[in-house]
Amino acid sequence: MDDRPITTETLKGILDAFNAHDLDRIMSFFAEDCVLEMPRGRDPWGTRLVGAAAVREGLRSRFTGIPDVHYGNDTHFVSGDRGVSEWTLTGTSTNGERIEVRGCDLFTFRKGKLVKKDSFWKIRER
């Protein structure tokens, strides 16, 4: 990617890479100094991963923890260097728990690369 404007097609490409569980393709969207804020964690912002290596490992753990994770029913919009993707995440955790939640990603781009991905999921009560 370069200085081309970010479009909804960019966001769809990111989602497609996630659904393919293709870490190399996913990471091709991210800048080296990227930040990923996961939906869960001890801090109010979830677990914050800083730098491409940490982000890659965090995403690897997502695919390990929910091997069949899929993002569907998606919509996307972009405003300048910011973007939003809304989706329904489905999958099964390694302990057999079925997951189905609505969520969204808030994206910040710089020079065509993703510098921050902040993820949110609905919390479902059992």
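Start with the sheet: six strands make an open sheet in the order β2-β1-β6-β5-β4-β3, with mixed pairing. Strands here are DSSP E runs of at least two residues and helices are H or I runs of at least four, numbered from the N terminus; two strands pair if DSSP finds at least two bridges between them. This is a predicted model, so local features need pLDDT of at least 70 and side-chain atom pairs count only at pLDDT 80 or more, while totals for chains, interfaces and linings use all residues. Residues are numbered from 1 along each chain as its sequence is written, and side-chain values use heavy atoms, leaving out hydrogens and water.

Between β2 and β1 you'll find three bridges, and the two strands run antiparallel. Glu37 stands opposite Arg48 in β2.

**The helices.** Now show α1, which lies across β3, β4, β5 and β6 and runs at about 155° to β3. Then α3: this helix packs on the sheet and touches β1, β2, β3, β4 and β6, its direction making about 50° with that of β1. Touching means heavy atoms within 4.5 Å; angles run from 0 to 180 degrees between N-to-C directions, with axes fitted to C-alpha atoms, for helices over the stretch in contact.

**The core.** Select Ile14, Ile26, Phe30, Val55, Leu59 and Leu89, the residues with the most contacts inside the largest nonpolar core, which has 30 residues. Such a core is a set of buried Ala, Val, Leu, Ile, Met, Phe, Trp, Tyr and Cys residues joined through side-chain atoms within 4.5 Å; buried means under 20% relative accessible area, exposed over 50%, partly exposed in between (1.4 Å probe, protein chains only). α1 gives the most, with five residues. Zoom in on Ile26: leaving aside residues up to four places away in sequence, Ile26 touches Ala17, Phe18, Leu59 and Phe63.

The whole structure has nine. Pick Arg56 and Asp24, whose side chains meet at 2.6 Å, N to O. Arg56 is in α3 and Asp24 in α2, so the pair ties together parts 32 residues apart in sequence.

Methods:
Salt bridge = Lys/Arg side-chain N within 4 Å of Asp/Glu carboxyl O.
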